[in-house]
Each structure stands twice: as structure tokens, then as C-alpha cells.
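Reader: I have a chain on my screen and some questions about it. Can we go through them one at a time?

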Amino acid sequence: MVGVPNADLLAFSQYQSNVDTWLKNSILPYYPATIITYITVGAEITESPINVSALVVPAMRNVHAALKKVGLHKKITISSTHSLGVLSRSFPPSAGAFNSSYAHFLKPMLEFLVENQAPFMVDLYPYYAYQNSPSNVSLNYALFSPQSEGVIDPNTGLVYTNMFDAQVDSIFFALMALNFKTLKIMITETGWPHKGAAKETGATPDNAQTYNTNLIRHVVNDSGTPAKPGEEIDVYIFSLFNENRKPGIESERNWGLFSPDQSSIYSIDWTGRGNVDIMTGGNRSNGTWCVASTNVSETALQNGLNWACGPGNVDCSAIQPSQPCYQPDTLVSHASYAFNSYYQQNGATDVACGFGGAGMRTTKDPSVD
């Protein structure tokens, strides 16, 4: 996805030649070796200190015309990203409404999106809703926690168990109010910071990991939202790396899954199936591990391994051929990996290291390399 910055909107909206030149220099040399699927024209323009909203749709039309000239208008989709601030009201979700002062550019933009089968792109951050109003928004509700108490929309009777769904549906109802109910919604940014200033108590590695893990699980299941159950939704996590030079409050620099030196800040289960160890490599706060016993038969070990990777919900992708934990390629080593993953995910108790007698606890770190 390639972005046209807000600073370029004036040049892009004024002259077709500016866009043609940009396409020639910035897109065509890299396409299709780089799979470019979207061009976003402007980013969160309603938040921009300089009012560029009147320039967005003319710039989008010029980008479309430039793509058409080179036959790429059906291959690369054009849209623009928005913050939730594009709404004047987002609660309850059924009362979602766009800010009327944005009508001058929103209506033509939505018509352009429908015309070109493009999604409405929005950046959603339950973190800020929680941080700005912890007395009204519970942490469990913001983090997709199973312990979250449902919030009922009084107009529809729909029950919301997490804030993400409520925010998505508020956009959906706002689009519906303007008669754009066929537009797909794409979440171009969402995430949670792992570190913040003293007053940002919600910004912790545990909360960031919980939010992103639960988000992935929610999205890969295609469970949709209460207003659109079963609807597939595309979601982009913000962000891959910490932006260590970004100005502003502490959390602004700490949304990444990785540090700028490429070290991992916490682990994520991208499959959306199992639980995830807290922090990279498992939660070792109690200093114990569960490994495969060397005093049992290979059949017992294989049965334990099969159970952990199946009904036990352990993500065993790392011990498949060519994956990071495949070596040493022995049954004992693979079983130890699976047993310990299950053990750490399930409270590190004696019971969690049973495996029909095939597991045993140890205080010696069994990691290899």
C-alpha cells in the first residue's frame, strides 16, 4: 500500500501531469515485482493542521486517470484513510454519524469509492478510548477479554463484547445513514502501545500482546461484528517497528512489535488459534519448564506430542521442517517444545506437565541455541 502524503495533495489535485510523473517515478519501476494493491490519497485529513479536505477527491480522480492511462486502474485500488474523528458520534454504534462539517468532501469521496469498488479505510484505536476515559471504558472491553461485560446498543439490542467491534459498527451505521451500506470497511491501523508515560497505565507489553493476539484471533475467524456477523474484514496492525524518533508523548514511540534493531518486543500467535506465551520465548517468571521424559517409550512421547499440537491447542509450526525450532530433529526435542509451550500457557502447574507421565518439570532451561 503506497501513500500520497497530505503535503502532496495540492500538487496532485491541481495538475494531472504531476500525478503522471509521480506514477512513472514512484510506482511503475517497482510494479509488479512489488505487489502494490492500494494507493491511499491523503492520511487522516480531518486531523490535518492545514485544511486539505477539498483537495482529496480531485487528487484521487487524477490518480485514477493516471492509472487508467497505463492500464492499472483495475489492479491498484484508490482510497484514503480516516481517523475515528471523522464521526461526530460513535456511541451507541447504531447512532454512528459523520461530522456534518465534512459533508462537502465525504459525499463525493464515498461516491468515488463505490464507483471504483474501493473500501472505506479507517484507523481504530480502542487504546485511546480506554486511556481518555478509563471510568467509562473497561480494560477488558478494550482488550477483547472474555471477562468483558457486554455493552448493549439500546436501539438495536445488539450486544458488544469489545470496543473494536463497536467502533467498526459505528462506521458501518454512519455509512448506512448516508445510504452507502454496500461499502466495505478496511481497518488500516489498529494496535496497542507496550510502553507509555507514567499516566498511560494501560501501555504495557502484556496489554499490547493481549490486544493484538485477541484481535488476530477475532479477525481470522471471520466472526464479523454484531451488525455484520460473518463478514470478512481486512485489518492492518500498527506497527511493525517502534518509531524511536517520533515526537510527542512516550507511547507515540512504542507501538511496535519490534525495536528498530529488529529485536522482538513480545511474541504474537499469527494463527489466531492458541494462547501465546507472555514475552518472547515463554513466560519463565517461575523458573520452571516442562520437558519430555527420557524414561518413557517413543509411543508415549508421540502420543503426548500429538495431543499437545492437536486438542492442546499448542502452535507447533515452529517445529516443522525448515522452521526455527525444527533442529535438533528428535522426538524428545520436539515433544519438549510442545510440552513446554502447553505448560507455560496453562499456568505452569504440575497438572499441565502430565502428558500421561511423558512430561517432567525441570529448573534447567532446556532451550537449544
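Reader: How do helix 3 and helix 4 lie relative to each other?

Author: This is a predicted model. The axes of helix 3 and helix 4 (residues 103-115) cross at roughly 20°. They come within 8 Å. Angles under 35 degrees count as roughly parallel, so helix 3 and helix 4 are roughly parallel.

Reader: Which residues of helix 4 meet helix 3?

Author: Helix 3 contributes Ser-53, Ala-54, Val-56, Val-57, Met-60, Arg-61 and His-64. By class, this contact of helix 3 with helix 4 has nine nonpolar, three polar and two charged residues.

Reader: What is the handedness of the crossing of helix 9 and helix 10?

Author: Helix 9 (residues 298-309) and helix 10 (residues 331-345) pack with their axes 9 Å apart and at an angle of about 40°. That angle makes helix 9 oblique to helix 10. The crossing of helix 9 and helix 10 is left-handed.

Reader: How many residues in the contact of helix 9 with helix 10 are nonpolar, polar and charged?

Author: From helix 9 come Glu-298, Leu-301, Gln-302, Gly-304, Leu-305, Trp-307, Ala-308 and Cys-309. They meet Leu-331, Val-332, His-334, Ala-335, Ala-338, Phe-339 and Tyr-342 in helix 10. The contact of helix 9 with helix 10 divides into eleven nonpolar, three polar and one charged.

Reader: Where is the cis peptide bond that involves Pro-92?

Author: Pro-92 lies in the loop between strand 4 (87-89) and strand 5 (97-98). The cis bond there has omega near -10°. It runs from Phe-91 to Pro-92.

Reader: Which residue is joined to Ser-239 by a cis peptide bond?

Author: Ser-239 has its place in the loop between strand 10 (235-237) and strand 11 (289-292). Omega of the cis bond is about 5°. The residue joined to Ser-239 is Phe-238.

Reader: Is Glu-44 buried or exposed, or something in between?

Author: Glu-44 sits in the loop between strand 2 (38-43) and helix 3 (53-69). Its phi is near 45°, a positive value in a residue other than glycine. Buried means under 20% relative accessible area, and exposed means over 50%. Glu-44 has a relative accessible area of 23%, so it is partly exposed.

Reader: What is the relative accessible area of Asp-222?

Author: Asp-222 lies in the loop between helix 8 (205-220) and strand 10. It is not a glycine, yet its phi is positive, about 50°. Asp-222 counts as partly exposed, with a relative accessible area of 31%.

Reader: What is the C-alpha separation of Met-360 and Ala-292?

Author: Met-360 lies in strand 12 (residues 359-362). Met-360 and Ala-292 are 68 residues apart along the chain. Their C-alpha atoms are separated by 6.2 Å.

Reader: Which residues is Met-360 in contact with, leaving aside its neighbours within four places in sequence?

Author: Met-360 is partly exposed, with a relative accessible area of 37%. With those sequence neighbours set aside, its contacts are Trp-289, Cys-290, Val-291, Ala-292, Ser-293 and Cys-353.

Reader: Which residues does Asn-140 contact beyond its neighbours within four places in sequence?

Author: Asn-140 has its place in helix 6 (residues 139-142). It is partly exposed, with a relative accessible area of 33%. From Asn-140 to Lys-24, C-alpha to C-alpha, is 48 Å. The residues in contact with Asn-140 are Ser-145, Gln-147 and Ser-148.

Reader: How far apart are the C-alpha centres of domain 1 and domain 2?

Author: The chain is divided into domain 1 (76-258) and domain 2 (289-362). Its C-alpha trace spans about 75 × 50 × 40 Å along the principal axes. The C-alpha centres of domain 1 and domain 2 lie 38 Å apart.

Reader: What percentage of the contacts with a separation of 6 or more comes from residues 24 or more positions apart?

Author: The protein chain has ten helices and twelve strands. Of its 369 residues, 47% count as buried. Among contacts with a separation of 6 or more, the share from residues 24 or more positions apart is 67%.

How values were computed
Residues numbered from 1 in each chain as written. Predicted model: local features only at pLDDT ≥ 70, side-chain atom pairs only at ≥ 80, totals over all residues. Heavy atoms only, no water. Domains from an automatic or database assignment. Axes fitted to C-alpha atoms, helices over the stretch in contact; angles between N-to-C directions. Helix = DSSP H or I, 4+ residues; strand = E, 2+ residues; numbered from the N terminus. Parallel < 35°, antiparallel > 145°, perpendicular 65-115°, else oblique. Left-handed = near helix turned anticlockwise from the far one by under 90°. Contact = heavy atoms within 4.5 Å. Nonpolar A, V, L, I, M, F, W, Y, C, P; charged D, E, K, R; others polar. Buried < 20%, exposed > 50% of the residue type's maximum accessible area, 1.4 Å probe, protein only.
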